[in-house]
Amino acid sequence: MSLPTQTISPLRQRMLEDMTLRKLSDKTQSAYVRAVRGFAGYLRRPPDTATAEDLRRYQLHLVETGVSPMSVNAAITGLKFFFEVTVERADALAKMSPVRVPHRLPVVLSREEVARLIECAGNDKYRAALSVAYGAGLRVSEVVGLKIGDIDSQRMVLRVDQGKGHRDRFAMLSPVLLQTLRIWWRTAHAQGKLLDGGWLFPGMNRVNPLTPRQLNRAIRAAAQTAGIDKHVSMHTLRHSFATHLLEQKVDIRVIQVLLGHKKLETTALYTQVATEILRQVISPLEGLPPG
């Protein structure tokens with residue numbers, strides 16, 4: 001007996017082809033499709049028939065139902081692609097506009113908290129993965145995308161293949177991180193968990209890598225075990241990496257390169273959370289003459 005297959009509408013197929021032509025990542029494609037699907041569910045008719053007023057009301061609906069500013073903007077971005085590229089109706093977006101996202105400083109862990117967090121990770125694999133995120137400042141997608149061959153112990157670098165923005169770069173590989181990775185490699189190799197030239201951090205099936213969701217679950221569990229009550233994610237380790245380097249007086253342009261940031265302004269955010277630097281500044285209050 002054959003199972004029924006889900007058919008894709010010609011409109012969605014066209015959008016998928018448009019995104020493929022522009023080489024958008026799988027994650028971006030999923031987000032754009034989700035945005036159009038959400039709008040179609042609200043509209044209850046084909047989305048390409050929407051008017052500018054329909055789109056305005058949909059944005060109002062999202063705001064009034066408590067959708068976060070970042071999610072509202074993500075929905076607008078997906079709909080923008082659909083109406084500008086796929087159906088060539090840019091005029092329909094005339095009454096939509098991005099909303100202001102509140103500026104919040106990133107959560108940063110102290111060095112002691114990072115040490116406790118890594119120590120409380122569930123096993124050698126998770127300890128190694130968390131060590132890479134902190135020790136090299138990688139995004140979670142870059143951590144799970146590492147392969148064994150990306151470790152260059154001669155040059156002491158990690159190769160990041162097609163990181164954010166589809167750019168290759170090299171990340172730092174410290175002696176301590178290299179030792180951590182060797183411990184993981186020996187454990188995994190003895191248990192037959194690694195394929196030659198395969199993923200550095202494989203999932204349950206060694207053909208596939210760990211997923212970002214699995215790593216974020218692991219780090220939340222580690223934070224709970226370590227007694228850290230801050231909101232911790234894998235990206236917290238990247239924030240902590242950059243902040244701690246800045247506190248060590250590493251040039252901010254070097255940190256920019258290590259993080260793979262296109263703009264220096266993005267890296268400059270960490271000057272606002274580098275508390276060691278703040279403590280070294282003498283307040284003018286200290287210089288007032290005694291009263």
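Which helices each supply at least two residues of the lining of the second largest pocket? In this predicted model, they are helix 5 (111-119), helix 6 (124-135), helix 8 (175-190) and helix 10 (234-247). Helix 5 gives the largest share of that lining, 4 residues. The lining of the second largest pocket has 16 residues in total, and those nearest the pocket centre are Ser131, Tyr134, Gly135, Ser174 and Val176. By residue class, the lining holds 9 nonpolar, 6 polar and 1 charged. The space in this pocket comes to about 330 Å³.

**Overall layout**

The protein has 291 residues, and buried residues make up 39% of them. Its secondary structure consists of 13 helices and 3 strands. The C-alpha trace spans about 75 × 65 × 35 Å along its principal axes. Among contacts with a separation of 6 or more, 59% join residues 24 or more positions apart.

**Helix 2**

Helix 2 covers residues 26-43, which is 18 residues. From its first C-alpha to its last it reaches 26 Å, close to the 26 Å expected at 1.5 Å a residue. Its buried residues are Gln29, Tyr32, Val33, Ala35, Val36, Phe39 and Leu43. Viewed down the axis of helix 2, these buried residues fall within an arc of 155°, so they line one face of the helix.

What do the buried residues of helix 2 pack against? Their partners are helix 1 (10-21), helix 3 (52-64) and helix 4 (69-86). On the face of helix 2 turned away from the buried side are the exposed residues Asp26 and Lys27. Arginine 44 follows helix 2 and has a positive phi, near 60°.

Most residues other than glycine have a negative phi.

| Residue | Phi | Location | Relative accessibility |
|---|---|---|---|
| Lysine 23 | about 55° | loop between helix 1 and helix 2 | 68% |

Is lysine 23 buried or exposed? Exposed means over 50% relative accessible area, so lysine 23, at 68%, counts as exposed.

**Leucine 210**

Where is leucine 210 found? This residue sits in the loop between helix 8 and helix 9 (212-226). Buried means under 20% relative accessible area, so leucine 210, at 3%, counts as buried.

With its neighbours within four places in sequence left aside, leucine 210 is in contact with Lys125, Tyr126, Val144, Phe201, Pro202, Gly203 and Leu215. Two of these partners, Lys125 and Tyr126, have numbers that fall in helix 6 (124-135), and Leu215 falls in helix 9 (212-226). Leucine 210 and serine 141 are 69 residues apart in sequence, and their C-alpha atoms are 9.7 Å apart in space.

Key:
Residues numbered from 1 in each chain as written. Predicted model: local features only at pLDDT ≥ 70, side-chain atom pairs only at ≥ 80, totals over all residues. Heavy atoms only, no water. Expected span 1.5 Å × (residues − 1). Buried < 20%, exposed > 50% of the residue type's maximum accessible area, 1.4 Å probe, protein only. Arc of directions from axis to C-beta. Contact = heavy atoms within 4.5 Å. 1 Å grid on protein atoms, 1.4 Å probe; cavity = no way out; pocket = protein on both sides within 12 Å on 5 of 7 lines; lining within 4 Å. Points joined across faces, edges and corners; volume = space filled by probe spheres on them. Nonpolar A, V, L, I, M, F, W, Y, C, P; charged D, E, K, R; others polar.
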